[in-house]
Amino acid sequence: MKYYAVIMAGGSGAKFWPITTETQSKQFLKVFNSETLIEETIGRLEGLIPNDQIIIVTTENQYKAILRVASTIPKENILVEPFAKNTAAAIGYASVVIKTRCEDAVIFNLPADHYVDSIDKFQESLKCAAAAAENHNGLITIGIHPDYPEDSFGYLQFDDEIEDGVFKVLKFAEKPNLSTAERFVKAGDFLWNSGIFVWKLSVILNQLEENLPELFTGLTKIEGALNDPKFEYFLLSSYGQFRNLSIDYGLMEKSDIVYTVKGNFKWSDIGSWETVFNLLEKDGNGNSLHGKVYTDDVQNSYIRSNEKVAAVIGVDNLIVINHKRGLLICSMEKAEEVKEIVDFLKIHKFN
């Protein structure tokens with residue numbers, strides 16, 4: 001069997017205003033080094049999957065940026081969705097394209113914008129998941145041991161170990177409140193759901209047909225039209241009828257053949273500026289400072305200002321992002337609410 005990877009590279013970038021936009025979403029952020037998050041995701045697969053077996057699914061408004069930063073991936077491997085219809089449609093579209101190239105593929109499905117601390121451990125987990133997918137003809141998710149209660153991550157509950165490192169999944173729980181997250185962590189049989197999935201091509205297509213028949217019918221039409229001169233019409237027509245469904249809600253929560261492999265690497269979905277801050281190194285005052293920054297009596301803050309000087313005095317637990325598109329000043333605990341700024345800007349037609 002050949003390994004393929006599907007990198008899901010959509011998103012609106014709303015939580016990372018003012019740096020991200022609809023055409024430059026979170027995956028284009030340079031958080032930890034000079035590489036964007038999607039470049040790090042591609043690099044994480046080096047030595048495991050050839051670049052011509054990596055598929056990127058993106059949207060029209062991010063296509064040019066993807067071409068620029070993912071220049072090592074063949075252009076024909078970058079699939080453009082006519083509408084953003086969430087991960088079920090994206091994964092399905094990529095799956096029928098892979099079917100035309102390799103019917104016995106094992107597919108790694110990866111978000112473009114996550115943090116992983118160890119490439120070696122990450123690849124070990126993927127190989128273990130691939131073996132489980134082949135041995136059990138199941139849908140495999142990489143689970144992460146929760147270091148602390150987090151209410152912005154999804155969770156999964158696992159059952160007894162069925163073989164070395166592989167566990168049956170009992171249920172999923174999407175982004176619980178903090179008290180429930182605390183209960184999950186204390187119980188000891190819950191993991192963070194990383195959103196990294198592994199399965200055989202034949203299994204995912206069978207499961208989509210069984211659990212999401214309307215989506216599967218549309219995917220079949222897309223597959224049949226891949227070499228048709230009117231392919232764009234068929235793609236547009238099919239996507240117009242797809243529901244907006246995540247693969248988690250649409251399939252993983254319904255299927256009875258879901259298993260988990262515990263990832264032994266540090267992971268984050270980087271869901272907010274606060275998450276970025278938590279992952280970065282801090283100075284003696286607990287600050288993470290980037291760019292042209294002056295501080296006095298500042299603690300536990302994330303300040304980023306690359307284009308002009310930001311002077312910050314006498315504050316604690318603050319996020320300051322100074323950018324040509326705007327200035328964000330936000331208390332750390334309100335980082336999840338940054339996305340509301342984008343809605344306001346759209347309504348009031350601010351650039």
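1. Let's start with E223: its relative accessible area is 26%, so it falls in the partly exposed class. Keep in mind while reading that this is a predicted model. E223 and K99 form a salt bridge, with 3.3 Å between the closest N and O atoms. This pair links distant parts of the chain, since E223 sits in helix α7 (residues 213-224) and K99 in helix α3 (residues 86-99), 124 residues apart.

2. How many salt bridges does the count come to? The total is six, taking a side-chain nitrogen of Lys or Arg within 4 Å of a carboxyl oxygen of Asp or Glu as the rule. As a reminder, side chains of opposite charge can pair when their charged atoms come close.

3. Another one of these joins the side chains of E22 and K346, at 2.7 Å from N to O. E22 is in the loop between β1 (3-9) and α1 (37-43), while K346 belongs to helix α11 (residues 339-347), so the bridge ties together parts that are 324 residues apart in sequence. E22 has 39% relative accessibility and therefore counts as partly exposed. K346 comes out at 48%, so it is partly exposed as well; the class runs up to the 50% cut-off, over which a residue is called exposed.

4. Are the two residues of the R44 and E40 pair buried or exposed? Both R44 and E40 are buried. They form a salt bridge whose closest N and O atoms are 3.8 Å apart, a value to read against the 4 Å limit of the rule.

5. On to helix α8 (residues 231-241), where F231, L235, S238 and Y239 are buried. Why do these four sit on the same side of α8? Because they cover an arc of only 95 degrees around the axis.

6. D160 counts as exposed because its relative accessibility is 58%.

7. Which two residues are joined by a cis peptide bond? They are W17 and P18, and omega there is about 10 degrees. P18 is placed in the loop between β1 and α1, the loop that also holds E22.

8. N137 is not a glycine, yet its phi is about 50 degrees; it is found in the loop between α4 (119-136) and β6 (139-144). With 39% relative accessibility, N137 counts as partly exposed. I270, again not a glycine, has a positive phi of about 50 degrees too. The place of I270 is the loop between β11 (267-268) and α10 (273-279). I270 counts as buried because its relative accessibility is 0%.

Key. Residues are numbered from 1 along each chain as its sequence is written. This is a predicted model: local features need pLDDT of at least 70, side-chain atom pairs count only at pLDDT 80 or more; totals for chains, interfaces and linings use all residues. Side-chain values use heavy atoms; hydrogens and water are left out. Buried means under 20% relative accessible area, exposed over 50%, partly exposed in between (1.4 Å probe, protein chains only). Helices (H or I, at least four residues) and strands (E, at least two) are DSSP runs, numbered from the N terminus. The arc is that of the directions from the helix axis to the C-beta atoms.
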